[in-house]
2 protein chains.
Amino acid sequence: MKKYILTLLGITLAGGAAAQLKPEEAIKFRQSAYTTMAWNMHRIKDNVEGKYNKDEVIKAANVIQSIANSGLGSLYLPGTDKGKGWKETRLKPELFKAENREKVGKLATNFSREANEMAKVAATGDAAAAKTQFGKLGETCKACHDDFRTKE
Amino acid sequence: MKKYILTLLGITLAGGAAAQLKPEEAIKFRQSAYTTMAWNMHRIKDNVEGKYNKDEVIKAANVIQSIANSGLGSLYLPGTDKGKGWKETRLKPELFKAENREKVGKLATNFSREANEMAKVAATGDAAAAKTQFGKLGETCKACHDDFRTKE
């Protein structure tokens, strides 16, 4: 089951690295990675809604792209819909359910694709295109939050 | 002073984005970014000390590189040697002192340079070279921690 989920998310366990993580470590790394992306989403937002600085958007988009492609799936250890990293996880147990496998895989793929596109668009310096792509990327974040993260 | 530090760290404030952050937000984003790098340093370590998986190391090195070049300096707002993000910051006030300006700038430059080199070496798939470069990169992390982070 674990291997199946990881495979769906495009993850291969290498050298047992991910397997060695404790649940609370996986949750903390997960929360850190998503908060780092949130910082950079805010930066892009500020730029597309205000004065546009190409370099700033490139840097921010590169962070999001690298994390989106880092193998985040390896941090979703079975059972980590409960537990505390920096704080209690908001992950819903539904993420691990067999009937959602295909959906979860699709959400992860969509997110990576739009993060890659965001980095490409950022590199062009086209502020209007960046704004449009930022919206598309945000939709892929929201799609997963809507189904698999509890409300605060 | 703030502008001077940010300039030293290679940061330009764009659209007022960084300036809008509250101290506790800056600290939380900082802690998240460094913890995300720590996750990926652990991944590289596991690979260079165990079974080497080229793709895993590339992904991890890309995360570290993108964060190292993201403009972390903008998160070191004056006064944030005190305050709580996910937890109390361990940043020493010495980071903001005039006599350390040159040193801080050099530490930041060294870190970015070695993170860029780590990503380059990772792309070659040369496990021995990756191990050597991982050591060099770790030294640049430690150099800053030694001087500007309190012991736990």
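Guide: Asp81(B) sits in the loop between α3 and α4 (101-124) of chain B. Helices here are DSSP runs of H or I with at least four residues, strands are E runs of at least two, and both are numbered from the N terminus. This is a predicted model: local features need pLDDT of at least 70, side-chain atom pairs count only at pLDDT 80 or more, and totals for chains, interfaces and linings use all residues. Residues are numbered from 1 along each chain as written, chains are lettered from A and ligands numbered from 1 in written order, and side-chain values use heavy atoms, without hydrogens or water.

Visitor: Is Asp81(B) buried or exposed?

Guide: Asp81(B) counts as buried because its relative accessibility is 17%. Buried means under 20% relative accessible area, exposed over 50%, partly exposed in between (1.4 Å probe, protein chains only).

Visitor: What is Asp81(B) in contact with?

Guide: Leaving aside neighbours within four places in sequence, Asp81(B) contacts Thr89(B), Leu91(B), Lys92(B), Pro93(B) and Phe96(B). Contact means heavy atoms within 4.5 Å.

Visitor: And where is Leu21(B)?

Guide: Leu21(B) lies in the loop between α1 (2-8) and α2 of chain B. Leu21(B) is counted as buried because its relative accessibility is 15%. Not counting residues up to four places away in sequence, Leu21(B) touches Ala26(B), Phe29(B), Leu75(B) and Leu77(B).

Visitor: New topic. How many residues does the contact take from chain B and chain A?

Guide: The contact takes 33 residues from chain B and 33 residues from chain A. The two chains bury about 2800 Å² between them, 64% of it on carbon and sulfur atoms. Buried area is the accessible area (1.4 Å probe) lost on putting two parts together, summed over both.

Visitor: Which elements give two or more residues to chain B's side?

Guide: Those are α2 (23-49) and α3 (54-68) of chain B. The largest share, 11 residues, comes from α2(B).

Visitor: How many salt bridges between chain B and chain A?

Guide: The count is 0. A salt bridge needs a Lys or Arg side-chain nitrogen within 4 Å of a carboxyl oxygen of Asp or Glu.

Visitor: What about confidence in chain A?

Guide: Chain A averages a pLDDT of 91, and 88% of the residues score at least 70. pLDDT is the predictor's confidence in each residue, from 0 to 100. Over residues 1-18 of chain A, pLDDT stays under 50. Where pLDDT is low, predicted coordinates should not be read in detail.

Visitor: What are the ipTM and pTM?

Guide: The model scores ipTM 0.89 and pTM 0.89.
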